[in-house]
Amino acid sequence: MVSKKNYTRLAIVLALVSLGLGMQQVYAHKEPHALDQLAAFEQVFMEQVRVGDLLFHGDGDTQKNLNVNLSRTGMACAMCHPFASDTHPHEFPKFQEQMSQFATLRDMINWCIEKPNEGERIDPDGPAMKALEAYIYWSNRNSKLDPGRH
Ligand code: HEC
């Protein structure tokens, strides 16, 4: 038979265990960011968007600075994709018909540089790719994530 005393002990043990579990909870972001930190992050992001915008519009100086050649046809990305239209960053990764393979947005950016633009493919982790990606995502920022879609 369980005595009243034992019930009390059990209750205390359970309370301690749940307290312990609660304390072990892990948070991705422990501290909320201060406003000036957020402003600094936003500034870094928008600077990348600005560089990407210049590259997307075929700016020669920016390409020279980053040592890339995005086109030999004289066509800039924006001539076929005004305001980054039809770049669909939210649909990646997906099976890409033009490449007959499963592709990331970066794969597709390089496909456009090499095929329609006849330029030189860029380092997928390099600064030009990061900037182009920033501009394309920013231009499509209200799209709903829908990976794999066509
Ligand atoms: C001469 C026209 C032309 C130019 C210039 C061009 N593209 Fe494209 N782009 C296309 C075509 C055609 C497709 C494939 C059809 C499609 O998916 O819309 C495409 C597709 C894309 C896609 C994938 C869209 C999707 O949903 O699959 C991305 C991303 C993209 N281009 C980025 C770029 C970037 C970045 C540049 C500049 C470096 C660029 N394009 C320059 C014609 C062009």
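Q: How far is a nitrogen atom of the ligand from an N or O atom in the side chain of His81?
A: Keep in mind that this is a predicted model. His81 is among the residues that come nearest to the ligand, together with Cys77, Cys80, His88 and Cys112. From an N or O atom in the His81 side chain to a nitrogen atom of the ligand, the distance is 2.8 Å.

Q: Which residues have a side-chain N or O atom for which a distance to an oxygen atom of the ligand is given?
A: Let's take two side chains in turn. In Gln96, an N or O atom of the side chain is 3.1 Å from an oxygen atom of the ligand.

Q: Which element supplies the largest share of the shell around the ligand?
A: Helix H4 (77-80), strand E1 (94-96) and helix H5 (105-114) each give at least two residues to this shell. The largest share is six residues, and the element that supplies them is H5.

Q: How many residues of the shell around the ligand are nonpolar?
A: There are 21 residues around the ligand, and the ligand takes up the space of the largest pocket. Sorted by class, the shell has six polar and two charged residues, and the number of nonpolar ones is 13.

Q: Is Thr62 buried or exposed?
A: Start with its place: Thr62 is in helix H3 (residues 60-65). Its relative accessibility is 9%, and the cut-off for buried is under 20%. Because of that 9%, Thr62 counts as buried.

Q: With which side chain does the side chain of Thr62 make a polar contact?
A: Leaving out residues up to four places away in sequence, Thr62 touches Val51, Leu54 and Leu55. The polar contact of the Thr62 side chain has a distance of 2.5 Å, and its partner is the side chain of Asp59.

Q: Why does Leu70 count as buried?
A: Leu70 lies in the loop between H3 and H4. A residue is called buried under 20% relative accessible area. Leu70 counts as buried because its relative accessibility is 3%.

Q: How far apart in space are Leu70 and Asn117, C-alpha to C-alpha?
A: Setting aside neighbours within four places in sequence, Leu70 is in contact with several residues, including Leu55, Gln63, Ile113 and Asn117. Along the sequence, Leu70 and Asn117 are 47 residues apart. In space, their C-alpha to C-alpha distance is 6.9 Å.

Conventions
Residues numbered from 1 in each chain as written. Predicted model: local features only at pLDDT ≥ 70, side-chain atom pairs only at ≥ 80, totals over all residues. Heavy atoms only, no water. Helix = DSSP H or I, 4+ residues; strand = E, 2+ residues; numbered from the N terminus. Buried < 20%, exposed > 50% of the residue type's maximum accessible area, 1.4 Å probe, protein only. Polar contact = N/O pair within 3.5 Å; in protein donor to acceptor, adjacent residues only side chain to side chain. Contact = heavy atoms within 4.5 Å. Near = heavy atom within 4 Å. 1 Å grid on protein atoms, 1.4 Å probe; cavity = no way out; pocket = protein on both sides within 12 Å on 5 of 7 lines; lining within 4 Å. Sits in = over half its atoms within 2 Å of the grid points. Nonpolar A, V, L, I, M, F, W, Y, C, P; charged D, E, K, R; others polar.
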